[in-house]
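Please read them alongside the sequence and the coordinates.

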Amino acid sequence: MSGLVADSAALARKDLLLELRARETLPAMLLFVVTALVVFHFALPADVSDRAAGGLLWVAIVFTALLGLTRAFVAEREQGLLDALVLTPCDRAAIWIGKALAVLAFLVAAELVALPAYALFFTALDPAAIAGVVLADLGICAVGTLVAAMAVAGRARELLLPLLFLPLAIPIVVGGVGATVGDEPARSLAFLALYDVIFAILCFASFEYVVTE
Amino acid sequence: MIRARGLTKRFGTKRVVTPLDLDVGAGDFLVVTGPNGSGKTTLLRLFSGLVAPTGGELELSVDRSALGFLAHEPLVYRELSAVENLELFGRLYRVPERRERVGMLLERYGLWDARHERARSFSRGMLQRLGLCRTLLHDPRLLLLDEPFNALDADGVELLERELASPASERTLVVATHDPQRLDAFATSRLALA
């Protein structure tokens with residue numbers, strides 16, 4: 001277990017270092033999410049309902065995450081490095097955990113800018129909505145990293161990733177919107193937590209089969 | 001070490017490895033030759049476990065921790081330095097006394113002075129040397145090398161030949177090459193793919 005944690009941490013650190021040097025993923029995510037919120041702000045009437053604004057926030061979050069996931073395995077794909085990682089004796093789930101942690105870090109960084117921008121343009125988020133964002137991030141990164149690894153192996157990977165990811169993200173959006181503007185945010189938060197637990201277990205158990213033939 | 005019986009590999013309708021019977025014992029040095037597209041790389045990938053056979057049997061008596069694979073690409077992160085790459089893989093391979101081992105390999109393969117430079121700035125030959133360091137890092141018992149002399153200069157070739165000839169290592173080697181004469185001195189068996 002300590003080996004899994006150490007390997008996951010080493011792989012996540014590697015991805016953060018790669019991003020720090022290449023600066024390819026996070027700037028794109030930041031630019032996208034801020035642009036999306038600015039466009040929504042100017043395109044919608046001033047008296048837009050909180051419910052509509054909340055929905056748009058979740059559209060922005062999901063597509064920002066998708067942008068990050070599209071680039072999650074770029075280094076591994078372009079240089080065949082997934083083979084090198086798969087050949088090491090580390091638990092293959094460590095590859096998934098490390099990558100998911102790195103994607104989570106990028107998504108949280110983007111949201112640290114996006115949520116204040118949302119508060120500025122629309123309305124401040126309450127604690128339940130922020131908890132919803134946190135839980136949704138976990139689910140997005142868990143599921144998204146698995147399907148990003150699946151898409152890497154395919155030929156039409158740019159098409160395959162959204163095709164696989166977006167249907168799986170629908171429950172996250174439903175739970176997230178419920179936590180943001182719903183009447184029973186606690187129920188939505190419980191739903192998101194359940195989603196995270198179920199999909200984290202599924203992804204942990206199945207990642208090995210995704211990266212090996 | 002490796003036992004194959006009726007081993008085949010297809011990609012779609014194309015048969016890349018035809019039924020193959022093969023035994024590679026511990027300490028053997030197998031040289032695999034053949035024209036482009038004859039299945040040399042696929043055979044090495046089968047032995048490494050990166051691809052699964054379509055048919056037949058394949059048994060390996062080593063696990064991943066004792067297997068070293070040098071592919072066409074050096075399989076190193078271009079945005080990491082030589083040291084960072086080897087530290088990462090050394091950690092994943094649980095290499096004991098990792099720092100010393102990394103330093104020794106970088107020194108031996110002439111990359112010590114460039115150890116803190118990003119691999120992106122390396123020439124193709126330096127990348128090949130770094131790929132060899134990554135492959136040898138955990139002192140594997142089974143070494144699979146795909147065109148290992150690619151891009152190496154005369155010094156690099158000499159270093160690799162010295163590594164292959166090392167009597168201290170009880171390694172089993174499978175080397176795919178277009179230049180088998182270079183390996184005549186080491187080979188204990190040959191496999192020519194058509």
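1. Which elements of chain B have the lowest and the highest mean pLDDT? The lowest mean, 88, belongs to helix H5 of chain B (residues 154–165), and the highest, 97, to helix H2 of chain B (residues 82–92).

2. This is a predicted model, with ipTM 0.92 and pTM 0.92. Across chain B the average pLDDT is 92, and 98% of the residues score at least 70. Where pLDDT is low, predicted coordinates should not be read in detail.

3. The contact between the chains involves 22 residues of chain B and 19 residues of chain A. On the chain B side, the elements giving two or more residues are strand S5 (67–70) and H2 of chain B. H2(B) contributes the most, with four residues. By class, the chain B side consists of 13 nonpolar, two polar and seven charged residues.

4. Within chain A, helix H8 (residues 157–181) and helix H9 (residues 185–211) have axes that come within 7 Å and cross at roughly 150°. Angles over 145 degrees count as roughly antiparallel, so H8(A) is roughly antiparallel to H9(A). The crossing of H8(A) past H9(A) is left-handed.

5. H8(A) makes this contact through A:Pro171, A:Ile172, A:Gly175, A:Gly176, A:Gly178 and A:Ala179. From H9(A) come A:Pro185, A:Ser188, A:Leu189, A:Phe191, A:Leu192 and A:Tyr195. The contact of H8(A) with H9(A) has eight nonpolar and four polar residues, and no charged ones.

Conventions: Residues numbered from 1 in each chain as written. Chains lettered and ligands numbered in written order. Predicted model: local features only at pLDDT ≥ 70, side-chain atom pairs only at ≥ 80, totals over all residues. pLDDT = per-residue confidence, 0-100. Contact = placed C-beta atoms within 7 Å. Nonpolar A, V, L, I, M, F, W, Y, C, P; charged D, E, K, R; others polar. Axes fitted to C-alpha atoms, helices over the stretch in contact; angles between N-to-C directions. Parallel < 35°, antiparallel > 145°, perpendicular 65-115°, else oblique. Left-handed = near helix turned anticlockwise from the far one by under 90°.
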